[in-house]
Amino acid sequence: MKTVRDIPALSGERLTGHIAEFRQDQGGLLRRLQQECGDIGTLRFFNMRVPTLNSPELIHEAFIEKAKSFRKSAATRIVFYPLAGKGLFSSEGELWRRQRKLMAPLFHPAAVRGYAETMNAVIGRYLDEWRDGQLIDVGREMTRITMAVVGKVLFDADTFDEADELGAAIQVMFHYLIGQVGTPSLFLKAPIAAYLLDLRGLPPWAEALRDRALGRLAMPLRLPTGEGRRVYEALERLDSSIQRTIAERRRIGLSRPDFLSRLLNASDEDDGSVMTDRQVRDEALTLFVAGHETTAAGTTWSLYFLGRNPEVYRRWKDEAASLGGKVPGAEDALRLSYTLGVFKEALRLYPPAALVDRLAIEDVEIGGYLLPRHSPLFICPYALHRRPDLWPDPERFDPDRFTREAESKRHRLAWMPFGAGPRVCIGAQFATLEAQLLLAQIAQRFELEPVSAEPVEPNFETTLRPSKPVLLRVKKAAQRAVQPAIPTA
């Protein structure tokens, strides 16, 4: 049986492996790995070789056929612990299954379609603020809108007045968390985190001590200046907003049919136990961050590419105009297929996560190679989405790659910005519908003019956001759709 040592290794190793190139040019490294090694290759970090999958077939084998043989690594769980805690993103085992089951009804396709009216009302309220001839920072505007949508739909809370502060805090956290990947400190922390996370059946007092230790392990030293101060201030800003929302909901009652009320009302089916405030916080903050980040980044890149591709822009505008001035609803999603293609193509080029990792919890064979227990594994959507055999002329922006006919000819895991398998993003349909409605309303109400032809590259220190502001000038279109009022609780 072939082992990890038999997997093709990427060239260019230094004393510490590929860490320097990973931190300096992650995108180039990942593309080079796919081009040089093909379906599977290894990166080296210090003395650890990490098999990396770059084919839909191998990803299907690992994420779907043998999903039970893997879990998220301790490194990922400790990196994201300050934000996600033991929320749905980072939890495992029975806790993850219970929380996923609890949240699933809120993201059922029928439930998502029911959110369209509120989504449209929030979008309309923000677009009403855009003035004729105004120069907008697209990333800022998309973050404000998508943050407000998830706040209203899932928490029945308004974030209109604090969206800039919350968005800035989230980006500070992402910059710090993703910047930890590949650092020596993370390699030292990960085994300790793995031991703490694997502790089971603790009494409440011991579990509280364990969680406090994890929090301290995950955070930088609390220093009065520099990055540590910024990270703590950002986290405190996010925590205070979530805690204020939770306290307000408890004050006014828990009868509303939204995500937060469901969390606060939730009890274990077996023993009737309720979630701790910490668990409610973890789930709420996880959904708040994840619920807007992909849509914000994806629509930002969509508008960037629309401003650089006149024919794509024309077809996008024509599709929105075909609605005859009607504000698009959930029932119009099928009529907005090209708009959906624009969003999907933006996520192909810049998926939220360039890399996804797993850890083998038992000996498992992948692609004919034996991965022993505790072996790390990378899946690389960024490189996968640039395979020329799957995506001809891969750097070209082409929404027609996502017609029904084109999609039917590709492996369904050739495109995976939302992950795959049991842990596929629970909010994928929510994000997709929101993006369609947002982009369609913009097309109906405005003309967009780029102010610079200079290309914008992704920032690998965040969720592949643009490395600098995407600036567009907006001009009001001739016809304006009538905006609905925001539904009251």
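Two residues are in contact when heavy atoms lie within 4.5 Å. The exercises below use this on a predicted model.

**Exercise 1.** Find where Ser-55 sits and decide whether Ser-55 is buried or exposed.

*Solution.* 
- Step 1: Locate the residue. Ser-55 belongs to the loop between strand E3 (48–53) and helix H3 (56–65).
- Step 2: Apply the cut-off. Buried means under 20% relative accessible area. Ser-55 has 1% relative accessibility, so Ser-55 counts as buried.
- Step 3: List the neighbours. Leaving out residues up to four places away in sequence, Ser-55 touches Asp-39, Leu-384 and Arg-387.
- Step 4: Look for a polar partner. A polar atom of the Ser-55 side chain lies 3.1 Å from the backbone nitrogen of Leu-58.

**Exercise 2.** Describe helix H2 (residues 26–37) and what covers its buried residues.

*Solution.* 
- Step 1: Check the length. H2 has twelve residues and reaches 16 Å from its first C-alpha to its last, close to the 16 Å expected.
- Step 2: Pick out buried residues. Among them are Leu-29, Leu-30, Leu-33 and Cys-37.
- Step 3: Name the cover. It includes helix H1 (19–24), strand E2 (40–45), E3 and helix H18 (381–384).
- Step 4: Step past the end. Just after H2, Gly-38 has a positive phi of about 80°.

Technical notes
Residues numbered from 1 in each chain as written. Predicted model: local features only at pLDDT ≥ 70, side-chain atom pairs only at ≥ 80, totals over all residues. Heavy atoms only, no water. Helix = DSSP H or I, 4+ residues; strand = E, 2+ residues; numbered from the N terminus. Buried < 20%, exposed > 50% of the residue type's maximum accessible area, 1.4 Å probe, protein only. Polar contact = N/O pair within 3.5 Å; in protein donor to acceptor, adjacent residues only side chain to side chain. Expected span 1.5 Å × (residues − 1).
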